[in-house]
Amino acid sequence: MTPEQILDYCLSSLAGTVLVESWGEKGIFYNPGWMLKRGVYVLTVKEKDGDNDRASHLNREDAFRVNLGVRKATFQKLFGKMPVRPAAGGVVDMDYDFAAFDTIIPHPVYAWMGWISVLNPSDKTFEQLKPLIQDAYEFSAEKFKKRKQAMQGSHSPA
């Protein structure tokens, strides 16, 4: 699988999603009709290390990481309890090789928020990732709906 194939899969399979490129990564956001300024993250593809995210060693040739935010219950089913938020520039305290290719693992920095990741997924691993992408998509749609309602509520006449 390539980053482009993964992003194309999301855009063609997940209604209401858009591609946004920022902070050195490409993100799939749930944002039907561009109703919110950014929308809600579904999935990102990161292809290089960042100042606070080096555990995956993405500066290796052709290395990339797919990241997605799933529900807390989904994360716990996969990996057990939620980790504590690491200090700035740190990595979550979980016993995983965050640089291993083709394995669904907690996100090295954002696992405390329910994010998971996989470096360079094979076709087989991507098939295993698809229901998790669906979970992230549905979770994003729920968050989008809440943000939209909050936004509309703040513009109501007094």
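**Reading the fold and strand 4**

Modeller: With 158 residues, a compact globule would have a radius of gyration near 15 Å, and the protein chain, at 16 Å, agrees with that; the radius is taken over C-alpha atoms, and the globule rule is 2.2 Å times the number of residues to the power 0.38. This is a predicted model, in which local features need pLDDT of at least 70, side-chain atom pairs count only at pLDDT 80 or more, and totals for chains, interfaces and linings use all residues. Residues are numbered from 1 along each chain as its sequence is written, and side-chain values use heavy atoms, with hydrogens and water left out.

Colleague: In which order do the elements of the protein chain run from the N terminus on?

Modeller: Helices (H or I, at least four residues) and strands (E, at least two) are DSSP runs, numbered from the N terminus. Here the order is α-β-β-β-β-α-β-β-α, with three helices and six strands.

Colleague: How should I read the side chains of strand 4, and which way do they point?

Modeller: In a regular strand the side chains alternate between the two faces of the sheet. In strand 4 (residues 65-69), Arg65, Asn67 and Gly69 point one way and Val66 and Leu68 the other, and all are buried, meaning under 20% relative accessible area with a 1.4 Å probe, protein chains only.

Colleague: Which residues stand opposite asparagine 67 and valine 66?

Modeller: Two strands pair if DSSP finds at least two bridges between them. Strand 3 (residues 40-46) runs antiparallel to strand 4 over four bridges, with threonine 44 opposite asparagine 67; strand 6 (residues 115-119) pairs with strand 4, also antiparallel, over five bridges, and there valine 118 stands opposite valine 66.

How values were computed:
Buried means under 20% relative accessible area, exposed over 50%, partly exposed in between (1.4 Å probe, protein chains only).
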